[in-house]
Amino acid sequence: MTDADQELDFVEIGRKLFAQNCDFIWAAEKIDGLPPMGPPEIAFAGRSNVGKSSLLNALTGRKALARVAHTPGRTQNLNFFNLGPDLEAPLLRLVDMPGYGYAAVSKEKIANWTRLMKEFLRGRATLARVFVLIDGRHGVKDTDREMLTQLDQAALSYQIVLTKRDEVKLSQIEKTITDAQAVLRGHPAAHPDVIFVSSHKNDGLADLREAIARLMFERDKTVFDRA
Ligand code: GDP
């Protein structure tokens, strides 16, 4: 990091970034139905019920942004949201990936989803990072480990976000983070920092926004000149 970077307040930049306009733009059911690549993309993945929709809503300060992803028929899609002062020329795109590990889904649906996800992860040059959400009450499950392995294979930048911090006893918070970090030791491509959030209590959201702002700046030092 240079001296110039250190002067930037990424917490504040992240706050401002997520206070911009944000809107749903696209749902992709198949790999040939993706929106054309444009701004950097940040994807959110995780088991069903991990709190992904709540986090997208909380991050962007909108009550029902990610509701679209919960409407029947769309739960297996990749949903895209533009973010920025000008939604025609967004600074960033958020990608809501379908929740995995949901037992009531047919094998065929799981196979379709797995194919869509793999192809998306491998072929998306604009994908800057995947945040893998893990339920803080339950820790890393086998399906999460499979996801991490997919991300290793796709050679993508990814980072763990623990959710539902408000449901975890204070005495367990450090241990939950350390356990997740221990899992990451087997995944050198993963970002070593683990962020612990509560969408209900607005905890840790500033950390996540900061991480995203830093990442965008690392990719393009002029990105916030347009913000
Ligand atoms: P998704 O399936 O991953 O999109 O998960 P949702 O956002 O729909 O959340 C699933 C359940 O977890 C809902 O009952 C939410 O109210 C709950 N939930 C989500 N975030 C939090 C949180 O930060 N704290 C607590 N206590 N519950 C949460």
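So, the largest nonpolar core has 36 residues, and those touching the most other members are Leu-78, Met-97, Phe-120, Leu-121, Val-130, Val-132 and Met-147. By core I mean buried Ala, Val, Leu, Ile, Met, Phe, Trp, Tyr and Cys residues joined through side-chain atoms within 4.5 Å, with buried being under 20% relative accessible area, using a 1.4 Å probe and protein chains only. At least two residues of this core come from each of strand 2, strand 3 (78-84), helix 4, strand 5, helix 5, strand 6 and helix 6. Helices here are DSSP runs of H or I, at least four residues, and strands are E runs of at least two, numbered from the N terminus. Apart from that core there's another, of 35 residues, including Phe-10, Leu-55, Ile-212 and Leu-215.

Quick caveats. It's a predicted model, where local features need pLDDT of at least 70, side-chain atom pairs count only at pLDDT 80 or more, and totals for chains, interfaces and linings use all residues. Numbering runs from 1 along each chain as its sequence is written, and side-chain values use heavy atoms, leaving out hydrogens and water.

Seven strands make an open, mixed sheet in the order 1-3-4-2-5-6-7, where pairing takes at least two DSSP bridges. Strand 1 (21-28) and strand 7 (195-196) are at the edges with a single partner strand each, so one side of each has no neighbour in the sheet. Strand 2 (residues 41-46) runs parallel to strand 4 (residues 92-96), joined by four bridges, and Ile-42 has Leu-94 as its bridge partner in strand 4.

On to helix packing. How do helix 4 and helix 5 pack? Helix 4 (residues 107-123) and helix 5 (residues 142-153) pack at about 35°, axes 9 Å apart; axes are lines fitted to C-alpha atoms over the stretch in contact, and angles run from 0 to 180 degrees between N-to-C directions. Met-117, Lys-118, Leu-121 and Arg-122 of helix 4 meet Met-147, Gln-150, Leu-151 and Gln-153 of helix 5, contact being heavy atoms within 4.5 Å.

Helix 6 (residues 170-184) lies across strand 6 (158-163) and strand 7, at about 155° to strand 6.

Last one: helix 3 (residues 52-60). Eight of its nine residues are buried, so helix 3 is largely enclosed by the rest of the structure.

How values were computed. Buried means under 20% relative accessible area, exposed over 50%, partly exposed in between (1.4 Å probe, protein chains only).
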